[in-house]
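Please open the model in your viewer and keep the selection tool at hand. This tour moves from one selection to the next and says what to look for at each stop.

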Amino acid sequence: MNSKKVPEALTIAGSDSGGGAGMQADIKTMQEHHVFATNVVVGLTAQNTLGVQSVLPTPVEMINAQFNSLYDDFDIKAAKTGALFDQKRVEAVVANINKHNIHPIVVDPVMVAKGGARLLDDSGIDTIINKLMPIADIVTPNLPEAEVIYGKKIETNDDVIAAAAHIQQLGAKNVIIKGGHQQGDTLSDYVLLESGISFTIESKKYNTIRKHGTGDTLSSAIVANLAKGASIKEAIIEGKRYIDTILQSEIIVGHGHGPLNHWGAEDEIR
């Protein structure tokens, strides 16, 4: 019998019954990176490619029990957060990150689903900004999320740079402001590292409705690379490369905002 030790990672997020986003996207991404995925279910959604029909947050006691169960057994190398639903759930997640000293932790500040449904209330947003971001190793907002966190409109490159600096001042060590909502044929993700070094990652804009779960997939690809021992910078670059690769190979699933082809980079990942 062949035995193999593999890296282990954690997604702390909501369940997407449609399988395209949330922890389902995270688990698929980690699996494709040859990383074993564990999960803490923070809430359930009744969801498909057309939208979110219903939401049911997980009781705090069950969130705590899941964390305790995982950290009694697994050797988790990196973790990420996704949709956290409300203030009560965010506070529970923060308490458990501190209790179990979970690092590196990537915070994907999910606020609105692709179809427009809100996945986080106002008090939950405030708690993410004031309690979760200060303990984050990487934060990965898209432009609308960055505007909420920054408290101002982001319209120019200078605005992006200022917003990233503001988010870093909140305590987040490393910041990626994703450019997926930009106009034009080329997108630019801005990265500000803890060292003060900054750079942009340019990519082609793919005009397709099959992008459901892009943010979840990027953050979980970063986590998977961190779990495998990559540096912060390497994990970000490799995570972005994974997204760009799978966007070039669509699958036809559902009748709305379709999911990504998570196995579209199998030939490139080792």
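Begin by selecting Leu132, which touches Thr81, Leu84, Val94, Ile97, Val107 and Thr127, leaving out residues up to four places away in sequence; contact here means heavy atoms within 4.5 Å. What you see is a predicted model, in which local features need pLDDT of at least 70 and side-chain atom pairs count only at pLDDT 80 or more, while totals for chains, interfaces and linings use all residues. Residues are numbered from 1 along each chain as its sequence is written, and side-chain values use heavy atoms, with hydrogens and water left out.

Next, select Thr127, which lies in helix H4; helices (H or I, at least four residues) and strands (E, at least two) are DSSP runs, numbered from the N terminus. Thr127 counts as buried because its relative accessibility is 6%, where buried means under 20% relative accessible area, exposed over 50% and partly exposed in between, with a 1.4 Å probe and protein chains only. Apart from neighbours within four places in sequence, Thr127 is in contact with Gln87, Val90, Glu91 and Leu132. If you also mark Asp86, you will find its C-alpha 8.7 Å from that of Thr127, although the two are 41 residues apart in sequence.

Now show H3 together with H4, whose axes are 8 Å apart and pack at an angle of about 20°. Axes are lines fitted to C-alpha atoms, for helices over the stretch in contact, and angles run from 0 to 180 degrees between N-to-C directions. H3 and H4 are therefore roughly parallel to each other, given that angles under 35 degrees count as roughly parallel, over 145 as roughly antiparallel, 65 to 115 as roughly perpendicular and the rest as oblique. On the H3 side the contact is made by Gln87, Val90, Glu91, Val94 and Ile97, and on the H4 side by Ser123, Gly124, Thr127, Ile128, Lys131 and Leu132.

For a contrasting view, select helix H1 (residues 22-32) and helix H7 (residues 214-227), which pack at an angle of about 40° with their axes 8 Å apart. H1 and H7 are therefore oblique to each other. Their contact includes Ala25 and Met30 of H1 and Ala221 and Ala224 of H7.

Which helix is largely enclosed by the rest of the structure? Select helix H5 (residues 143-150), where six of the eight residues are buried, so H5 is largely enclosed. Its buried residues are Leu143, Glu145, Ala146, Glu147, Ile149 and Tyr150, and they pack against helix H4 (122-132), helix H6 (157-169) and strand S7 (174-177).

Finally, colour the largest nonpolar core, which has 46 residues, of which Leu10, Ile12, Val40, Val42, Leu132, Ile167 and Ile177 touch the most other members. A nonpolar core is a set of buried Ala, Val, Leu, Ile, Met, Phe, Trp, Tyr and Cys residues joined through side-chain atoms within 4.5 Å. H3 gives the most to this core, with five residues. A second, separate core of 28 residues includes Phe199, Tyr206, Ala224 and Ala227.
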